[in-house]
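Reader: I would like to learn how to read a few local features in a structure file. Please take them one at a time.

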Amino acid sequence: MARSSTSDQSFNIMIVGQAGRLQYEAVLFAASLRQHSPRFDGRLIVVEPQPSPKWSTDPRMTGDARTALIELGAEIVPFTNHHFGEGYRYGNKIEGLAAMPAGEPFVFFDTDTLITGELMDVPFDFDRPTASMMREGTWPKEELYWPGYTATWKSLYDKFDLEFESTLDLSQPDDYWQRYLYFNAGWFFYKDPAAFGARFLDYATAIREDRPPELVLQELNPWLDQVALPLVIHSLGGGRDTLPTGHLDGAVSYHYRLLPLLYAKAPDAVVSALEAASSPNKVKKVLKSYEPFLRMIYQNRGQKVREMFDRDDLPKREKQIRNRIKKANFWMR
């Protein structure tokens with residue numbers, strides 16, 4: 001029987017915390033979790049890369065962010081980069097999985113995410129992993145002399161001796177990007193972070209170091225994690241439909257990526273959740289140290305961005321939204 005997330009099943013949450021933007025996003029994430037998911041009874045684990053030859057500067061968080069996270073009930077757990085690091089920071093979500101408690105169900109979130117509802121009501125099936133479907137056709141890119149989507153993706157499944165045909169969405173046209181298993185790596189889950197992380201690391205490093213010939217024209221930075229992720233999920237018995245829609249990337253979480261985009265695009269309930277999470281003094285004190293949060297949240301620049309757009313009639317392309325915000329000199333990241 002598939003397991004579902006109910007009040008009697010605990011799971012852990014993993015986010016990555018490091019110096020710079022991510023530490024402030026981590027504080028906001030933790031605050032939103034405590035504000036909007038009061039029944040969450042697992043561990044919020046902030047994995048933190050440590051100084052090593054993979055970093056030219058100290059990647060650890062500053063003291064004020066660390067203190068705020070601990071006060072919000074988070075645990076900060078160190079890990080060392082052996083394969084990625086400054087040259088590919090997305091690799092932290094891969095290597096950081098080794099710092100999580102083995103054998104305990106987990107959900108990974110990017111730090112630029114708000115929790116907006118009760119996570120304990122999400123019907124996770126931790127035996128069947130999946131990831132965010134809020135993605136665009138960012139990889140592979142169509143090139144003049146490339147072999148096409150089918151040959152490109154199939155070469156990766158063949159590389160790891162994985163069956164390919166069952167991953168296809170046959171309702172989509174042949175050689176159209178949505179036909180192929182592809183995720184946004186903004187969240188994913190499984191029953192065991194050790195197994196997931198080992199597979200993720202194996203596949204990502206193997207692709208980076210010895211790509212199939214069909215990938216010779218393709219750029220892997222910054223897409224490597226999203227190239228390897230479908231292979232990992234498929235190999236562990238997961239797929240695109242193992243979590244009902246409407247929960248994550250829906251009523252329970254919002255992957256905002258950048259605050260100007262949140263204010264331009266997000267439903268009113270998400271903006272209310274942001275304001276509620278960022279209002280306590282201990283949170284506000286830290287977030288004000290980061291200029292985009294200071295300007296957007298506390299000095300009302302976000303509301304000015306919001307007034308520029310009609311959520312019922314947004315431009316079709318995100319680039320148009322970005323350009324309009326930039327033209328008004330409200331773009332910050």
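Reader: Which backbone oxygen does the side chain of Arg240 reach?

Author: First, the ground rules. This is a predicted model, in which local features need pLDDT of at least 70, side-chain atom pairs count only at pLDDT 80 or more, and totals for chains, interfaces and linings use all residues. Residues are numbered from 1 along each chain as its sequence is written, and side-chain values use heavy atoms, with hydrogens and water left out. Here the side chain of Arg240 reaches the backbone oxygen of Thr167 at 2.9 Å.

Reader: Where is Arg240 found?

Author: Helices (H or I, at least four residues) and strands (E, at least two) are DSSP runs, numbered from the N terminus. Arg240 lies in the loop between α6 (224-235) and α7 (247-251).

Reader: How far away is the nearest side chain of opposite charge to Arg240?

Author: A salt bridge needs a side-chain nitrogen of Lys or Arg within 4 Å of a carboxyl oxygen of Asp or Glu. Buried means under 20% relative accessible area, exposed over 50%, partly exposed in between (1.4 Å probe, protein chains only). Arg240 is buried yet has no salt bridge, with Asp169, the nearest side chain of opposite charge, 4.7 Å away.

Reader: Is Leu144 buried or exposed?

Author: Leu144 is exposed, because its relative accessible area is 71%. Leu144 sits in the loop between β6 (131-132) and α4 (149-159).

Reader: Which residues of α4 are buried?

Author: They are Tyr149, Thr152, Trp153, Ser155, Leu156 and Tyr157. Just after α4, Asp161 takes a positive phi of about 55°.

How values were computed
Lys and Arg count as positive and Asp and Glu as negative; His and the chain ends are not counted. A polar contact is a pair of N or O atoms within 3.5 Å; within protein, one must be able to donate a hydrogen and the other to accept it, and residues adjacent in sequence count only if both atoms are side-chain atoms.
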